[in-house]
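Here are my notes from going through the structure you sent. Have it open while you read.

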Amino acid sequence: MTGTHSSTAGTPAALLRRTEVTHRFPEGFVWGAATAAYQIEGAARDDGRGPSIWDTFSRTPGKVYAGHTGDVACDHYHRYPQDVAMMADLGLAAYRFSIAWPRIKPDGSGPVNPRGLDFYDRLVDELRGRGIDPIITLYHWDLPQALEDRGGWTNRETAEHFADYAAAVYARLGDRVTTWTTLNEPWCSAYLGYGNGLHAPGRRDPAAAFAAVHHLLLGHGLAVRALRAAGAGTVGVTLNPVAAFPADPSSPADAAAVRLVDGLHNRIFLDPLLLGRYPTDVLDHVSRFTDLGYLRSGDEKIINAPIDVLGVNYYAPTYLAARPGAAGGGGAYPGTEGIEFLPPAGPLTDMGWMIEPAGMTAVLTRISRDYPAVPLFVTENGAAFEDKYDGGGSEAEAAGRVPDVDRIAYLDGHLRAAHEAISQGVDLRGYLVWSLLDNFEWAEGYRKRFGIIYVDYLTQRRVPKDSARWYREVIRRNGL
Ligand code: FCB
């Protein structure tokens, strides 16, 4: 069991006993939860869905823990009414979910499969019927395999197909969905998918990773254009900016290491999106690996299409030190040899990630300081812990409880950090906990549990954890 640190939040009961709200959020602050298609839906072959890169990758021996796949996952595809009822019980104002591109266009670029859209049609109606605002993410990593077979995100055409797919989804759901997010964490898609091979499609080629960065951004820009042309109201994108800090705050070499990693992870996305051009120091670095032939004149203007909201996902900070001979960040950060990525220290989550809420305040304040004003949203934040519920007659089961005090402490700390960012002037509009349900945690399979609702994968029984009750109380009070 990790993380025995004390909690200022305590249990839901402790929160209930407190009469005073010490950290009140602005009126209209949006409280919600997030999931992603491949991680929860299952029904991998239902209603004409085509294969995605995660179907292929999870079937490749050694890529995903214990050979787990998303074939069944949380069976949300069939159980969504129950799941939406649980969201309503929590008092969620918004639910962020992703659309599976291979359900809508089974081969990525061909005709639309109406039965795939039917599912999201039903889901959106169910949500709205319960007063929950749907926030759609169009791409949360499940690229149609047929497009990967043609080069995936290293191929410029994928960006164009993405915009066509976005328009097809909008045409069906645009009358009932106001908030549209193009991509989730393109850093992961590009660098983990094509750089270090930890995620699908599992390629390990720095030049491919940088081409993927650009085509993901281009796909975003083209999709924004298509969504706007169709009448979309609120359009944005979600990044996972790294909160990088120097191991020694007084060392100029450590500061240079932070600058490089910040360039490869943050500025390479934020600058073209919000300032309309790639940073020259980053392009210089990237040209060590590729001739940049994929970057055409006019692309940066497309990428710079105005957005209405920027989603920020935050989990943990990264500490860096300049050390001759250090291996660097590998394919996830090409060309960072001589930089040590310090091993996580202090209380850790079950992912082995550091728990440092101040990193979230730092990321939010930095973006609002360095970039033109755009409203921010925390689109993911949460933690995996080894939740104890064996489904076999334990005391917790008898009481219908999963005690997860570590997760409550994590969420409490990060909500305080978000509140601090707001006090410092950040225009933060909402917070979405990752995740509603325990789910398929990519290369980690089902062994890492991020949900505020426990899922027993043998029975598909859902059990709200203590953190769910705690979160309901936070929402009700609009604060801590
Ligand atoms: C983020 C992903 C999300 C989930 C969390 C833990 O990087 O967007 O799907 O896996 O991490």
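This is a predicted model: local features need pLDDT of at least 70, side-chain atom pairs count only at pLDDT 80 or more; totals for chains, interfaces and linings use all residues.

1. Numbering runs from 1 along the chain as its sequence is written.

2. Start with helix 10, residues 206-230. With 25 residues at 1.5 Å each, helix 10 should span 36 Å, and its end C-alpha atoms do sit 36 Å apart, so the two agree. The rest of the structure largely encloses helix 10, because 18 of its 25 residues are buried.

3. Now look at the ends of helix 10. Asp 205 caps the N-terminal end, with a side-chain oxygen 3.0 Å from the backbone nitrogen of Ala 207. Just after the helix comes Gly 231, which has a positive phi of about 110 degrees.

4. The salt bridge count is 34. One of them pairs Glu 41 with Arg 103 at 2.8 Å, N to O. Glu 41 is in the loop between helix 2 and helix 3, while Arg 103 belongs to helix 5, so the bridge ties together parts 62 residues apart in sequence. Both Glu 41 and Arg 103 are buried.

5. Arg 462 and Asp 83 also form a salt bridge, at 2.8 Å, N to O. Arg 462 and Asp 83 are both buried.

6. Is Asp 175 buried or exposed? Its relative accessible area is 61%, over the 50% cut-off, so Asp 175 is exposed. Its salt-bridge partner Arg 176, 3.0 Å away between the closest N and O atoms, is buried at 14%. Shared partners put Asp 175 and Arg 176 in one network with Asp 118, Asp 121, Asp 125 and Arg 172.

Note on methods
Side-chain values use heavy atoms; hydrogens and water are left out. Helices (H or I, at least four residues) and strands (E, at least two) are DSSP runs, numbered from the N terminus. The expected span of a helix is 1.5 Å times one less than its number of residues. Buried means under 20% relative accessible area, exposed over 50%, partly exposed in between (1.4 Å probe, protein chains only). A polar contact is a pair of N or O atoms within 3.5 Å; within protein, one must be able to donate a hydrogen and the other to accept it, and residues adjacent in sequence count only if both atoms are side-chain atoms. A salt bridge is a side-chain nitrogen of Lys or Arg within 4 Å of a carboxyl oxygen of Asp or Glu.
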